[in-house]
Amino acid sequence: MSNIKVIVAGPRGKMGKEALKMIHNQSTLSLVACIDRKHEGQSVKELDGFPDMDAVIYTDAATCLSEVEADVLIDLTTPENGYKHTKLAIENGIRPVVGTTGFSEDELSELTNLASERGVGTIIAPNFAIGAVLMMQFSKWAAKHFPDVEIIEKHHDQKLDAPSGTALKTAELIKEVRDPHKQGHESETETLEGARGADVDGMKIHSMRLPGLVAHQEVIFGGHGETLTVKHDSIHRESFMSGVKLAAERVMELDVLVYGLEHILD
Ligand code: NAP
């Protein structure tokens, strides 16, 4: 697969900057445009600190996605805008690779139906780090043997959605093998609201937000006289880019929406 033409939405963001670097440093993808909230009509190479890439910046996503000849949209923005961009891309026959997290279940199912109707391959992955995908798969495996489980996810304090898409995805995978049941003492009460975290079928998710963190998760299982912890740390946003690259290549072979990087890993 060579020369896949890519539009990046959110190029000034923490993830967007890494995506531009990744595209710049390899040969299968080429950047043809960006969608940003600033710098209308400028080229990426004119911006301070950006790679030497000749790609025009659009502030209007609809114009960009209808005018630019592109194969793939990589979206790394915010939940509300990411959803709009993904829908517009599918409508214009451009395959979305979405790292943006925080879509609702309704939005995901609408996008799934739209992608199938139009036959436009789409990949939405709450976590593009290969290690995180393995952490989720190991957790699903462990939950067959340890049905009592709590998830602690830790992120930088600029993250907009909680719990993280990764924590929700982990809980969904565990739900596939775990019968719903309330954990903790049956008469347990919270003397401070939120102390026990968010609830998914009786399992708990706790979200921590602190400066200095990137993206981290522990899935802790409790058994008789033992605990098991499955833990993953993204210590740099570079960790997500091999998954983004793989998704941009694999999405070219799809005609439906795939949710989760695990479905495209060998
Ligand atoms: P960030 O640093 O806040 O970057 C978001 C960027 O999107 C900002 O530059 C923002 O511009 C831009 N933006 C907002 N609305 C836009 C619009 N309508 N058009 C174009 N650009 C727009 O956030 P981040 O840390 O890079 O994360 C981005 C997303 O990726 C989040 O949803 C995060 O949860 C997710 N994420 C996913 C993974 C994964 O592996 N799937 C990993 C890490 C993060 P302004 O600066 O002007 O607001």
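Helices (H or I, at least four residues) and strands (E, at least two) are DSSP runs, numbered from the N terminus. The model is predicted: local features need pLDDT of at least 70, side-chain atom pairs count only at pLDDT 80 or more, and totals for chains, interfaces and linings use all residues. Residues are numbered from 1 along each chain as its sequence is written, and side-chain values use heavy atoms, with hydrogens and water left out.

**View 1. The loop residue K38.**
K38 is found in the loop between β2 and β3. The UniProt annotation "binding site", from an unreviewed entry, covers K38; UniProt positions are given in the numbering used here, feature names are shortened, and annotations may be inferred rather than shown by experiment. With a relative accessible area of 46%, K38 is partly exposed (buried means under 20% relative accessible area, exposed over 50%, partly exposed in between, with a 1.4 Å probe and protein chains only). Leaving aside residues up to four places away in sequence, K38 touches R12, I57 and T59 (contact means heavy atoms within 4.5 Å).

**View 2. Residues around the ligand.**
There are 23 residues around the ligand, and R12, M15, R37, T101 and F128 come nearest (a residue is near a molecule or strand if one of its heavy atoms lies within 4 Å of it). A polar side-chain atom of R37 lies 2.7 Å from an oxygen atom of the ligand.

Seven strands form an open sheet with parallel pairing, in the order β3-β2-β1-β4-β5-β6-β12 (two strands pair if DSSP finds at least two bridges between them). β3 (56-58) and β12 (257-259) stand at the edges with a single partner strand each, so one side of each is left without a neighbour in the sheet. From one strand to the next, the twist averages 25° (axes are lines fitted to C-alpha atoms, for helices over the stretch in contact, and angles run from 0 to 180 degrees between N-to-C directions). Helix α3 (residues 79-91) packs on the sheet, touching β1, β2, β4, β5 and β6, and its direction makes about 175° with that of β4. Helix α7 (residues 241-250) also touches β1, β2, β4, β5 and β6, and its direction makes about 160° with that of β5.

**View 3. Strand pairs in the sheet.**
β4 and β5 pair in the parallel sense over four bridges. V72 has R95 in β5 as its bridge partner. From β5, R95 and V97 point one way, P96 and V98 point the other way, and all are buried. Strand β6 (residues 122-124) runs parallel to β12 and is joined to β12 by three bridges. In this pair, I124 stands opposite Y259 in β12.

**View 4. Helix α6 and its residue T166.**
Helix α6 (residues 165-175) is mostly covered, with eight of its eleven residues buried. Its buried residues include G165, A167, L173 and I174. The buried residues of α6 pack against α5 (130-143), β7 (148-155), β8 (198-200), β9 (203-209), β10 (215-222) and β12. T166 lies in α6 and counts as buried at 6% relative accessibility. Residues up to four places away in sequence not counted, T166 touches P126, N127, M135, M136 and Q217.

Terms used: Polar contact = N/O pair within 3.5 Å; in protein donor to acceptor, adjacent residues only side chain to side chain.
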